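The structure is shown below, and the discussion follows it.

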Amino acid sequence: MLKFFTAATLLTTLFFAPPAVSAELTPYETHYKVYRGGSEYGEAVRELKQNEAGRFELFTETEISLLFLSDRRRYWSIFAFEDGQVQTKFFEYRRTGTGKSRGFSAVFKPDEKQVVNAETGEPVTIPWGDDLIDEASMLEQLRYDLQTSDASEFNYRVIEGDAEEDHLKYARQQPETLKLPYGEVEAIKVVRVRENSSRETDYWFAPQLNYVLVKMQQREDGDEVATLLLSSAEIGSVETEAAN
């Protein structure tokens, strides 16, 4: 379930300020198993909900453990969706587990053309632009763009969990048939385009499930780092089942 967290008093306004137009994204809840080298070593969840005022609330969590190491990462995003565009209102990231814990939360203020650190109240040193969104809701924008555009490439400007700006580029590939813990699905493959990097990240979105993410794989120097596979999905108010 979606829970809130550090800047609760700020969220009252963000939750219930009505959007200019009705939203066009489909809420869902998806669960995943995380594998490495064929062995399961974690789980993940994505949940997209819509509140009474039409704002979207996104929660994602990935939790993995390997021997004595553990890593838990959570993202929260509140955003409007108007004219086919995500408009972030609030974003939070928390990382806990082995090593140092990290976190960041921010309020997006388009009238003031700035992003503000929700914990300190200080502006984040990232140039404002109407195209700036958070890294968690970026996948929702990509999910929508795959449905409504025939483009082969997609570009996004995001703020990440370390409070830094990044420019992300993705390329659409051919559809593939996947065999997942959930069942067999047809999915569109999308690859993250990086320059001068040994890291690779691929995504698969299933049209039959309203283009939700069904698989993600990360590799470093050609070796698998992690593979995330869909295990269950509830789209809208109807729980979906696939034939195995």
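## Charged and aromatic pairs

Arginine 46 has a relative accessibility of 10%, which lies under the 20% limit, and therefore counts as buried. The model in which this value was computed is a predicted one. The partner of arginine 46 is glutamate 140, with which it forms a salt bridge whose closest N and O atoms are 2.9 Å apart. Because glutamate 140 belongs to helix α2 (residues 135-148) and arginine 46 to strand β2 (residues 39-50), this pair ties together parts that are 94 residues apart in sequence. Glutamate 140 counts as buried too, its relative accessibility being 1%.

Glutamate 140 also forms a salt bridge with arginine 143, again with the closest N and O atoms 2.9 Å apart. These two residues are three residues apart in helix α2, so about one helical turn separates them, and arginine 143 is buried, as glutamate 140 is. Elsewhere, salt bridges that share partners join Lys189, Glu200, Asp202 and Arg219 into one network.

A further salt bridge is formed by aspartate 71 and arginine 95. This pair links distant parts of the chain, since aspartate 71 lies in strand β4 and arginine 95 in strand β5, 24 residues apart; both aspartate 71 and arginine 95 are buried.

| Glutamate 140 | Arginine 46 | 2.9 Å |

A polar contact of 2.6 Å joins the side chain of glutamate 92 to that of arginine 94.

Turning to the rings, the count comes to 10 aromatic pairs. One of them is formed by phenylalanine 59 and tryptophan 76, with 5.7 Å from centre to centre and 40 degrees between the planes, and this pair is tilted. The pair links distant parts of the chain, with phenylalanine 59 in strand β3 (residues 56-66) and tryptophan 76 in strand β4 (residues 69-82), 17 residues apart. Phenylalanine 59 and tryptophan 76 are both buried.

Is the pair of tyrosine 75 and phenylalanine 91 stacked or edge-to-face? The ring centres of tyrosine 75 and phenylalanine 91 lie 6.3 Å apart and the planes meet at 25 degrees, which is under the limit of 30 degrees, so the pair is stacked. Here tyrosine 75 in strand β4 and phenylalanine 91 in strand β5 (residues 85-97) are 16 residues apart, and their pair links distant parts of the chain.

A ring and a charge meet at tryptophan 204, where the charged end of lysine 215 sits over the ring, 4.4 Å from its centre.

Lastly, the surface. Phenylalanine 68, in the loop between β3 and β4, has a relative accessible area of 82% and is therefore exposed, the limit being over 50%. Together with Leu66, Leu67 and Leu69, Phe68 makes a nonpolar surface patch of about 540 Å².

Conventions: Residues are numbered from 1 along each chain as its sequence is written. This is a predicted model: local features need pLDDT of at least 70, side-chain atom pairs count only at pLDDT 80 or more; totals for chains, interfaces and linings use all residues. Side-chain values use heavy atoms; hydrogens and water are left out. Rings of Phe, Tyr and Trp (its six-membered ring) pair if their centres lie within 6.5 Å; planes under 30 degrees apart count as stacked, over 60 as edge-to-face and the rest as tilted. Helices (H or I, at least four residues) and strands (E, at least two) are DSSP runs, numbered from the N terminus. Buried means under 20% relative accessible area, exposed over 50%, partly exposed in between (1.4 Å probe, protein chains only). A charge sits over a ring if NZ of Lys or CZ of Arg is within 6 Å of the ring centre and within 35 degrees of the ring normal. A polar contact is a pair of N or O atoms within 3.5 Å; within protein, one must be able to donate a hydrogen and the other to accept it, and residues adjacent in sequence count only if both atoms are side-chain atoms. Patches are made of residues with over 30% relative accessible area and no salt bridge: like charges are joined within 9 Å, nonpolar side chains (Val, Leu, Ile, Met, Phe, Trp, Tyr) within 5 Å. Accessible areas come from the Shrake-Rupley method with a 1.4 Å probe; for residues, only the protein chains shown count as cover. A salt bridge is a side-chain nitrogen of Lys or Arg within 4 Å of a carboxyl oxygen of Asp or Glu.
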